[in-house]
Amino acid sequence: MKPVSGARSERQSLTLKSTVESVAVIEAAAKQQAAEAGLDEDECFHVCMAAHEGAVNAVLHGNEYDPGKKIAASIENNGSALIITIADQGKGFDPDSLPDPLAPENILRGTGRGIFLIRSFMDEVHFRQLNPGTELTMVKHLAPEIK
Amino acid sequence: MALTIASREVDGVTVLDLSGRITLGEGSVQLRDAIRGLISKGQKSILLNLAEVNYIDSSGLGELVSAFTTAKNQQADVKLLNLTKKVHDLLQLTKLYTVFDIKDDEASAIASFK
């Protein structure tokens, strides 16, 4: 992995409505931070896609487009990692109970690939149940891990 | 960039030239409506030209899969043409590359429906 700039950035925090437009806002913010962190084109695309999928999940599955519920997102470069968190105010869910979208019996399902894509594109993915709601944290390492 | 869809007929095959993003919301709904509309009118051969599609999210992938299964259930066929590298990689990652019949040349794609 090519090392990139260790420059930090202020945490960018957003509170948004549960709409498709909010997905675009979060994706744009992730794109800017990824570019400023020095990630290459492919890595930026992966980070943007992960942010997009996380935001879609929060809007569609978490808050179910409920205008009374908000999405809280934050994006931060702490010098060694780009950290994106997205929280909804929904019912919560068990990420370990999700069907494997790559299993033959699930390949032709119309849904269920979002979290798989997030896990494929980011280095760390964590879920925290907020009761109510779920907080998703996605991490992209910016420098090789020193062992 | 929203999704735009242009339709043309070539040797009995409906080619849908897609441009933009196939994502949750308007884009994926447009695609769904376009394909279902064609199938409901009895079109059996549909070729999706993805040369100008630079982004598909999981919802868009779901719509492609739904289009494929809807077509199969109606004895119709949906094939994909001219995948960009990003879309190609996405289909490989999700193992959908083996589901679809994917072409990189329009003439041979049209011929394959016969």
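How many bridges join β1(A) to strand β2 of chain A, and do the two run parallel or antiparallel? I am working from a predicted model here. I found six bridges between β1(A) and β2(A), residues 70-77, and the two strands run antiparallel. I picked out one pair to look at: A:Leu16 has A:Ile71 of β2(A) as its bridge partner.

Next I traced the whole sheet. It is an open sheet of five strands in chain A, ordered β1-β2-β3-β5-β4, and the pairing is antiparallel. β1 (12-17) and β4 (124-129) of chain A each have a single partner strand, so they stand at the edges with one side lacking a neighbour in the sheet. From one strand to the next, I get an average twist of 15°.

Helix α2 of chain A, residues 41-62, does so, and it touches β2, β3 (81-87) and β5 (134-141) of chain A. The direction of α2(A) makes about 15° with that of β3(A).

Over to chain B, for a helix pair. The axes of α1(B), residues 26-40, and α2(B), residues 58-73, come within 9 Å and cross at roughly 10°. Angles under 35 degrees count as roughly parallel, so I noted α1(B) and α2(B) as roughly parallel to each other.

I also listed who makes the contact. On α1(B) the residues include B:Leu31, B:Ile35 and B:Ile39, and on α2(B) they include B:Glu63, B:Ala67 and B:Ala71. Sorting the residues of this α1(B)–α2(B) contact by type, I have five nonpolar, six polar and three charged.

Technical notes:
Residues are numbered from 1 along each chain as its sequence is written. Chains are lettered from A and ligands numbered from 1 in the order in which they are written. This is a predicted model: local features need pLDDT of at least 70, side-chain atom pairs count only at pLDDT 80 or more; totals for chains, interfaces and linings use all residues. Two strands pair if DSSP finds at least two bridges between them. Helices (H or I, at least four residues) and strands (E, at least two) are DSSP runs, numbered from the N terminus. Axes are lines fitted to C-alpha atoms, for helices over the stretch in contact, and angles run from 0 to 180 degrees between N-to-C directions. Two residues are in contact if their C-beta atoms, placed from the backbone, lie within 7 Å. Angles under 35 degrees count as roughly parallel, over 145 as roughly antiparallel, 65 to 115 as roughly perpendicular and the rest as oblique. Ala, Val, Leu, Ile, Met, Phe, Trp, Tyr, Cys and Pro count as nonpolar, Asp, Glu, Lys and Arg as charged, and the others, Gly among them, as polar.
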